[in-house]
Amino acid sequence: HLGRAKPVRGDDGRVARWSGVGLDIHDRKTAADAVRASEEKYRTLFDTMDEGFCVVEVVFDPAGRPADYRVAEANPAFEKHTGLHGVLNQSIRQAVPGLEEFWFETYGRVASTGEPTRFVNEAGPLGGRTFDVSAFRLGGDGSNRVAILFTDISDRKRAEREREAAQKTLAALVERCPFGIYIVDDEFRIASMNDGSQNGAFANVRPVIGRPFDEAMRVLWPEPVAAEVIGTFRRTLDTGEPYYSRDFVNPRADIDQTEGYEWQLHRITLPSGRRGVVCYYY
């Protein structure tokens, strides 16, 4: 309780003394404690988060145009990412060299709508790292303060580049391998095949990619052989059981020649999530 004065008057009507009365401020104190606890949690998060966070204040010239950007607040992670310390009140040109255009672009977008602006800064000006950058205008009343969040995605981007390189290497190996490889999807169309197949066994099937598989087989083999191959593919697609053939010797339907192959089938999951059958042959 906090005392609040109350006048006590005598018989003549004049104030004889002041008397204190109780004023319950429990709710007010509880609210103040809650605000203080919230601020402490925010400060702990602000200081310990891995993401770099800073508030940039835009300085305008006499004509009302953005002239400079100063770091008004920054957490330790931001200073770590920029490689600088004590960046408060520094011009962004000094605090983060090379990002001047980024700040102009960011403020221009954010100030116009007040909505978050998100894009990836691939240039890596901060110590060679790559950051996902989000910008938020603070306040919806034309505020000249912008909050910037840096998330270091260098490891993820490096993993993506390594995965892309591995995929390209694998694709090159498949294209150049001495074995024929092609895939039939669950609609029973030829989905893909390596270069050796297109210019080798399937040279007389045009077009070949996207062609119904049964049509392609009937171009290459006489009817009884084509029907047997088609049935074998369907069985592997339906049951998932692999198939191995080592005594396939038959006359071709498209050329005057008898050919022998060893081939095998396996059911796979395509990038689309659908099933298919891959055929390796030699």
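I began with R211, which counts as buried at 18% relative accessibility. The cut-off explains the label, because buried means under 20% relative accessible area. I kept in mind that this is a predicted model.

Next I looked for a partner of R211. I found that E215 forms a salt bridge with R211. The closest N and O atoms of the two are 2.9 Å apart. E215 counts as partly exposed, at 39% relative accessibility. I noted the general idea: side chains of opposite charge can pair when their charged atoms come close.

How many salt bridges does a search of the whole structure find? I got 12.

I then turned to R274 and E187. Their side chains meet in a salt bridge, at 3.4 Å from N to O. This pair links distant parts of the chain, 87 residues apart. R274 sits in the loop between β11 (258-269) and β12 (275-281). E187 sits in the loop between β8 (180-185) and β9 (190-193). R274 is partly exposed at 34%, and E187 is exposed at 52%. E187 gets its label because exposed means over 50%.

Are R252 and E259 buried or exposed? I found R252 buried, with a relative accessible area of 10%. E259 is buried as well, with 15%. The side chains of R252 and E259 meet in a salt bridge, 2.7 Å from N to O.

Last, I looked up a group of residues. Which residues are linked with R156 in a network of salt bridges? I wrote down K157 and E160.

Definitions and conventions
Residues numbered from 1 in each chain as written. Predicted model: local features only at pLDDT ≥ 70, side-chain atom pairs only at ≥ 80, totals over all residues. Heavy atoms only, no water. Salt bridge = Lys/Arg side-chain N within 4 Å of Asp/Glu carboxyl O. Helix = DSSP H or I, 4+ residues; strand = E, 2+ residues; numbered from the N terminus. Buried < 20%, exposed > 50% of the residue type's maximum accessible area, 1.4 Å probe, protein only.
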